Amino acid sequence: MADVNCTRCGTTREGFERPPFPGAIGARVVGEICKECWGQWLKQQTMLINHYGLNVMDPQARTFLTRNMEAFLFKAGQSDDVDTSKQGTITY
């Protein structure tokens, strides 16, 4: 596996052999993002899915997650933060 100079963390770390995501974004991840930062994104994605109760089969939810992924990994655009200070206090 080739090392990559990660855009997110600014260090040189292990990269990917194959894109972890389809399309142009996946190709960009291979060239610019290390596996450690991708792992951090997967944790953030899980928090977003759980926090907002997203149905990943819904096209709007997938668009929301893709937008947040680009903001998280490439610092492009605005991401939605999960307010963990309110954990356990949200009622439906």
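Modeller: A residue is called buried under 20% relative accessible area, exposed over 50%, and partly exposed in between. The model is a predicted one. Cys9 has 30% relative accessibility, so this residue counts as partly exposed. Cys34, at 0% relative accessibility, counts as buried.

A disulfide requires a pair of cysteine sulfur atoms within 2.5 Å. By that rule the number of disulfides is zero. Cys9 takes part in none, as its nearest cysteine sulfur belongs to Cys6 and is 3.7 Å away. For Cys34 the closest cysteine sulfur is that of Cys37, also at a distance of 3.7 Å, which is too far for a bond.

Now to the pair of helices. Helix 2 covers residues 35-52 and helix 3 covers residues 59-74. The two pack at an angle of about 140°, and their axes are 10 Å apart. The crossing of helix 2 with helix 3 is right-handed. On the side of helix 2, the contact is made by Cys37, Trp38, Gln40, Trp41, Gln44, Gln45, Leu48, Ile49 and Tyr52. Helix 3 contributes Phe64, Leu65, Asn68, Met69, Phe72 and Leu73. Sorted by type, the residues of this contact are 11 nonpolar and four polar, with no charged residue.

The whole structure holds three aromatic pairs, among them Trp41 with Phe72. A pair of aromatic rings is described by the distance of the centres and the angle of the planes. For Trp41 and Phe72 the ring centres are 5.6 Å apart and the planes stand at 50°, so this pair is tilted. It links distant parts of the chain, since Trp41 is in helix 2 and Phe72 in helix 3, 31 residues apart. Trp41 is buried, with a relative accessible area of 1%, and Phe72 counts as buried at 14%.

Another of the pairs is formed by Tyr52 and Phe64. Their ring centres lie 5.4 Å apart with the planes at 75°, and the pair is therefore edge-to-face. Tyr52 is in helix 2 and Phe64 in helix 3, so this pair ties together parts that are 12 residues apart in sequence. Phe64 is buried, with a relative accessible area of 16%, whereas Tyr52 is partly exposed at 39%.

Methods. Residues are numbered from 1 along each chain as its sequence is written. This is a predicted model: local features need pLDDT of at least 70, side-chain atom pairs count only at pLDDT 80 or more; totals for chains, interfaces and linings use all residues. Side-chain values use heavy atoms; hydrogens and water are left out. Buried means under 20% relative accessible area, exposed over 50%, partly exposed in between (1.4 Å probe, protein chains only). Axes are lines fitted to C-alpha atoms, for helices over the stretch in contact, and angles run from 0 to 180 degrees between N-to-C directions. Helices (H or I, at least four residues) and strands (E, at least two) are DSSP runs, numbered from the N terminus. A crossing is left-handed if the near helix is turned anticlockwise from the far one by less than a right angle, and right-handed if clockwise. Contact means heavy atoms within 4.5 Å. Ala, Val, Leu, Ile, Met, Phe, Trp, Tyr, Cys and Pro count as nonpolar, Asp, Glu, Lys and Arg as charged, and the others, Gly among them, as polar. Rings of Phe, Tyr and Trp (its six-membered ring) pair if their centres lie within 6.5 Å; planes under 30 degrees apart count as stacked, over 60 as edge-to-face and the rest as tilted.
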